[in-house]
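Welcome! Take a moment to look over the sequence and the 3D view, and then read on.

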Amino acid sequence: MAAAGGRIALENQGFLRHPRVYLELQQRLRAQLRSVLTAKYDLELENIPIEIPPDLQFGELATPIAFELARKLRKSPKIIAQEIVAALGAVDGFDGFEVAGAGYINARLDRAAGVRLVAGGKSLARVASGLHSLVEHTSINPNKAAHIGHLRNAILGDTFVRLLRAAGQKVDVQNYIDNTGVQVADIVVGLIHLENKTVAEVRALIAESDNHAADGERIDYYCWDLYARTSQWYEQGSDEENAVRKQLRYATLHEIEQGSNETAEIAELISTAVLKRHLETMLRLDIEYDFLPRESEILHLNFWEAAFEQMKQKGVLYFENEGKNKGCWVMRRPGAEVVEGALDEDAKVIVRSNGTVTYVGKDIAYHLWKFGLLGKDFGYKPFFTYSDHECWISAEHGDETHPHFGGAQATYNVIDVRQNDPQANLVQALRGMGFVDQADHCIHFGYEKVALTPRCALDLGYEIAQEDLDSPYILVSGRKGFGVKADDLIDKLIAATSAEVEARQTGADENERRLIAKQIAIGALRYFMLKFTRNSVIAFDFKDALSFEGETGPYIQYAVVRARNIFRKAGINPQTVLVEFAELTGIDAYLEGEAAQEIWALWLRAGRRTLVLEQCIASSEPAYLAKHAFQLAQEFNNFYHKHHILTEEDPARKTFLLATAAVALRELVMALSWLGIESPESM
RNA sequence: GCGCCCGUAGCUCAGCUGGAUAGAGCGAACGCCUCCGGAGCGUUAGGUCGGGAGUUCGAAUCUCUCCGGGCGCACCA
């Protein structure tokens with residue numbers, strides 16, 4: 001597996017019965033080329049490259065295969081290309097082939113046939129692929145409000161879930177809750193020792209925050225500040241005081257892990273309250289979960305012990321008798337050179353010399369469960385109700401009836417690239433235990449951080465060191481309370497879109513305007529987080545994030561609204577147009593000549609849906625779909641500008657143009673829905 | 001010291017398994033509403049793809065090296 005964003009063989013992805021225009025044509029061409037090469041040169045090539053040329057003047061598909069063969073056949077590429085073209089004959093869906101440049105073979109599609117194929121491409125037909133995947137995302141420490149970095153995580157994860165489901169996979173969405181970690185301990189230290197709160201007072205604080213949610217008294221915001229204060233408190237005193245405070249921190253952590261005491265009760269109360277807030281924040285973006293596994297259950301249900309036994313049995317772990325890791329159970333790191341009998345001081349510690357288990361160890365146990373290999377299960381209780389399903393949470397003693405989670409064939413872990421090493425260790429452990437297939441399908445869906453531009457940090461009122469002013473970005477820090485809270489950003493976006501909606505007097509009534517403003521705001525935010533590829537650091541700036549022009553979600557939504565307006569004015573719906581279009585003859589005439597190039601390009605782009613979906617899944621990269629949606633919108637806007645549909649006098653041509661708009665609309669709406677972006681009725 | 005990522009137009013970023021004249025958005029300059037809503041469309045300016053070497057018919061893409069930046073490398077999570 002590649003460290004960040006692995007690839008899975010495409011034949012496992014279940015696309016075979018999915019509507020696919022480009023892929024189908026590619027396959028036909030490839031098959032024909034293959035048989036020509038065999039017949040003519042007695043050559044069996046494993047891979048025949050077929051690409052999409054940079055310009056329509058070179059056709060719709062092309063292959064540089066002749067260059068590759070030139071040396072082997074001792075002929076010039078041009079001659080070879082000519083021979084192949086002569087031998088190709090007719091291929092269904094293609095108009096012809098020609099040699100261009102120094103030896104390219106360019107294929108021209110039968111445009112009318114291509115248009116028919118695209119027009120007939122059914123809207124989202126979900127074909128079960130038989131694959132069961134598990135996507136883990138969000139996983140925010142439940143001790144403070146969500147910030148923009150968490151938004152990137154959740155939006156990437158949620159979008160990928162939508163892509164897998166579009167490809168027909170069964171997907172479970174999990175949000176892992178570290179409710180017994182240091183970060184929760186810190187907030188508990190703050191509550192008990194800085195705020196002097198009792199269990200009853202914490203309970204009251206949470207109840208009060210529920211009632212005053214609108215006044216900024218929200219519990220996650222309260223914790224945001226308290227967490228920052230507590231983090232500073234550890235370092236503010238004299239050396240002796242700080243040592244005592246750190247002791248307090250670890251004593252608190254220990255009590256939380258143990259459970260059944262007041263400290264643990266406070267941790268449980270506060271982490272659950274903050275978790276609820278996180279779910280509410282994410283719901284604003286249409287992000288939902290199926291299951292919330294918590295670390296407390298992984299501890300109390302002894303998941304680790306079961307994993308430990310397996311790992312010892314399979315020889316993945318060994319007890320170290322010497323060196324710096326003496327007394328620990330350790331594991332070889334991936335890529336470590338195995339020298340028999342030699343001391344491997346670089347080995348990863350899984351069980352400490354005091355008998356406690358490290359993070360990676362717990363994660364291994366959790367992942368064995370994910371793949372159904374642990375031989376243990378969580379208890380389950382309902383926790384949060386969505387409009388059409390329930391989100392469950394882990395429990396020591398759960399309800400009798402509950403859905404089944406875990407036992408997936410593939411898992412995607414949406415986690416920051418900084419966790420590259422631990423994720424690699426995890427995969428190594430699975431592989432070492434003989435679970436090779438699972439290791440290959442345990443994918444670290446890594447992504448880079450969201451930082452702030454220095455200007456943005458200054459605008460927020462933070463003090464910036466002189467040397468940081470020139471750097472491209474400044475890292476956010478929960479510990480310092482330095483960052484942009486998710487809800488604040490969403491509020492700002494909605495305020496901005498509301499102002500626009502009011503100014504344009506969009507929408508019939510107050511409720512509708514509110515809905516539209518929300519749809520646009522979410523569209524802008526989700527697109528902003530998805531337009532960058534995963535390994536690019538986002539330097540966050542309000543100016544860019546609040547932009548609704550150019551390469552943005554609202555730009556694409558606007559294209560949809562324009563298309564819908566055409567049908568509204570014409571008094572006909574897109575489906576009806578496509579039915580009429582199926583009966584229309586002589587469409588070739590509308591696809592020829594210079595003027596038709598952009599229209600044909602739009603149809604071609606519309607036919608790329610499945611190709612793009614496949615690329616996104618194979619490379620774990622939703623940004624490709626974001627780019628596709630934008631380009632489609634761009635080409636539609638271009639078409640919209642140049643071809644006035646409603647005043648077209650030739651009824652046949654008018655039907656053709658309407659069909660073009662109908663297909664563009666269908667593909668735009670679908671692409672947006674896969675991105676988790678709604679298509680407003682007007683804007 | 002070891003490992004991973006990044007360096008492409010003034011700014012922010014695309015560039016698919018190496019392939020045809022290196023693209024988009026923003027910003028800049030100038031245009032386009034008697035015509036399906038201008039959150040739109042068009043034109044112009046702007047790049048030795050960090051430097052160098054190599055592999056190849058062909059390199060932004062692969063290899064090596066150097067420079068510059070980020071992040072990992074805990075008996076933390």
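This is a predicted model: local features need pLDDT of at least 70, side-chain atom pairs count only at pLDDT 80 or more; totals for chains, interfaces and linings use all residues.

Residues are numbered from 1 along each chain as its sequence is written, chains are lettered from A and ligands numbered from 1 in the order in which they are written, and side-chain values use heavy atoms, with hydrogens and water left out.

**Around RNA strand B**

- There are 67 residues around RNA strand B, and R71, Y104, R352, T533 and Y640 come nearest; a residue counts as near if one of its heavy atoms lies within 4 Å of the strand.
- Sugar and phosphate make up 63% of the RNA strand B atoms that come within 4 Å of the protein.
- By class, this surface has 29 nonpolar, 18 polar and 20 charged residues. Here Ala, Val, Leu, Ile, Met, Phe, Trp, Tyr, Cys and Pro count as nonpolar, Asp, Glu, Lys and Arg as charged, and the others, Gly among them, as polar.
- At least two residues of the surface come from each of α2, β3, α14, α17, α20 and α24, and α24 gives the largest share, eight residues. Helices (H or I, at least four residues) and strands (E, at least two) are DSSP runs, numbered from the N terminus.

**Polar atoms facing the RNA**

- H644 has a polar side-chain atom 2.8 Å from a sugar or linking oxygen of RNA strand B.
- L646 places a backbone N or O atom 3.3 Å from a base oxygen of RNA strand B.
- For M683, a backbone N or O atom lies 3.3 Å from a base nitrogen of RNA strand B.

**A three-stranded sheet**

- An open, antiparallel sheet is formed by three strands in the order β7-β8-β9; strands pair if DSSP finds at least two bridges between them.
- β7 (318–319) and β9 (348–351) stand at the edges with a single partner strand each, so one side of each has no neighbour in the sheet.
- Three bridges join β8 (residues 329–331) to β9, and V330 stands opposite V349 in β9.

**Helix α7**

- α7 (residues 199–211) has 13 residues and spans 19 Å from its first C-alpha to its last, close to the expected 18 Å, which is 1.5 Å times one less than its number of residues.
- Its buried residues (under 20% relative accessible area, 1.4 Å probe, protein chains only) are V199, V202, L205, I206 and S209.
- They cover an arc of only 120° around the axis, so they lie on the same side of α7; the arc is that of the directions from the helix axis to the C-beta atoms.
- On the other side of α7, A200 and N211 are exposed, meaning over 50%.

Definitions and conventions: A polar contact is a pair of N or O atoms within 3.5 Å; within protein, one must be able to donate a hydrogen and the other to accept it, and residues adjacent in sequence count only if both atoms are side-chain atoms.
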